[in-house]
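Dear colleague,

I am handing over the structure below, and after it you will find some notes on what turned up. Please have it open while you read.

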Amino acid sequence: MTRMGFFTDTSVCIGCKACEVACKEWNHVPESPSGFTGMSYDNTIDLGANTWRHVAFVEQRTSAEPVPAEWGLQTYQEGDGMRWLMASDVCKHCTEAACLEVCPTGALFRTEFDTVVVQEDICNGCGYCVPACPFGVLDQREDDGRVWKCTLCYDRLKDDQEPACAQACPTDSIQFGELEVLRVRAGERLEKLHAAGHESARLYGEDPDDGVGGFGAFFLLLDEPEVYNLPPAPRTTTRDLPETWRAALAASAVLGLGLAAAVFGGRR
């Protein structure tokens, strides 16, 4: 089937968190208020087993002039030396998904829509997938130890419905559809922003040649990925395993030869 996914245009995110609420309501995700860190007005802080969608509030000091109204940037507010960057983060549903590769029970699987889903009734709570994810998306619930994350509303997709978060988004910041169509749309939006003078805007995760083979849920950012607490050059953690094993075997062989030489040399 055609690959489906998300394009999240942070330039029109207003930080309402409707996506977070819709995700929790539809998927019966437990509440996860984490309080305020003193660094932001965001009270969910990060993605986790009980937060499958997370709207980040990024506050920046700036001395730039207010953005002209004709730019049509509804995504942040600027004034009094402060700029707001808001972005709804989610599981990336990677093309090369390390979490899926390391799962020993088959709890993680790739659906017919090319998304990555956890089957909670099969997950044994080993936690191997947690450090395997280069984005820190996967997490275990404290009460049962199993891993939970965004399913891209797999049950809704099978019924020809869009995911709950995309349906609830009032500004169409979260767009759902065929991934190739979304990539074209994202490219056009980026060109428009660049033409308007917003040179720092960039696409994140749309490139199939990146370290995870491209995201199934990619983003348009208004600043560098690090500003949004995203890795600048994510890489599938299992990609280097063949080289690691070859190096380990070579080292073992050298060590074995050294020990053999020491033993037989000592006998002589």
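The side chains of Glu20 and Lys17 are joined by a polar contact of 2.8 Å. Please keep in mind that this is a predicted model.

Glu20 belongs to helix α1, which covers residues 18-27, and with a relative accessibility of 5% Glu20 counts as buried. A polar atom of the Glu20 side chain lies 2.7 Å from the backbone nitrogen of Val55, and, if neighbours within four places in sequence are left aside, Glu20 is in contact with Thr44, Arg53, His54 and Val55. Between the C-alpha atoms of Glu20 and Asp89 there are 9.8 Å in space, although 69 residues separate them in sequence.

Turning to the rings, the structure holds eight aromatic pairs. In one of them, Phe7 and Phe218 have their ring centres 5.2 Å apart and their planes at 20°, so this pair is stacked. Because Phe7 lies in strand β1 (residues 4-9) and Phe218 in strand β11 (residues 217-221), the pair ties together parts that are 211 residues apart in sequence; both Phe7 and Phe218 are buried.

Tyr204 and Phe215 also form an aromatic pair, which is edge-to-face, with 5.3 Å from centre to centre and 85° between the planes. Tyr204 is buried at a relative accessible area of 5%, and Phe215 is buried at 0% relative accessibility. Together with Phe135 and Phe219, Tyr204 and Phe215 form one aromatic cluster.

Finally, there are charges over rings: Arg141 lies over the face of Trp148, 3.8 Å from the ring centre, and the charged end of Lys158 sits over the ring of Tyr154, at 4.4 Å from its centre.

Terms used:
Residues numbered from 1 in each chain as written. Predicted model: local features only at pLDDT ≥ 70, side-chain atom pairs only at ≥ 80, totals over all residues. Heavy atoms only, no water. Helix = DSSP H or I, 4+ residues; strand = E, 2+ residues; numbered from the N terminus. Buried < 20%, exposed > 50% of the residue type's maximum accessible area, 1.4 Å probe, protein only. Contact = heavy atoms within 4.5 Å. Polar contact = N/O pair within 3.5 Å; in protein donor to acceptor, adjacent residues only side chain to side chain. Phe/Tyr/Trp six-rings, centres within 6.5 Å; stacked < 30°, edge-to-face > 60°. Lys NZ or Arg CZ within 6 Å of the ring centre and 35° of its normal.
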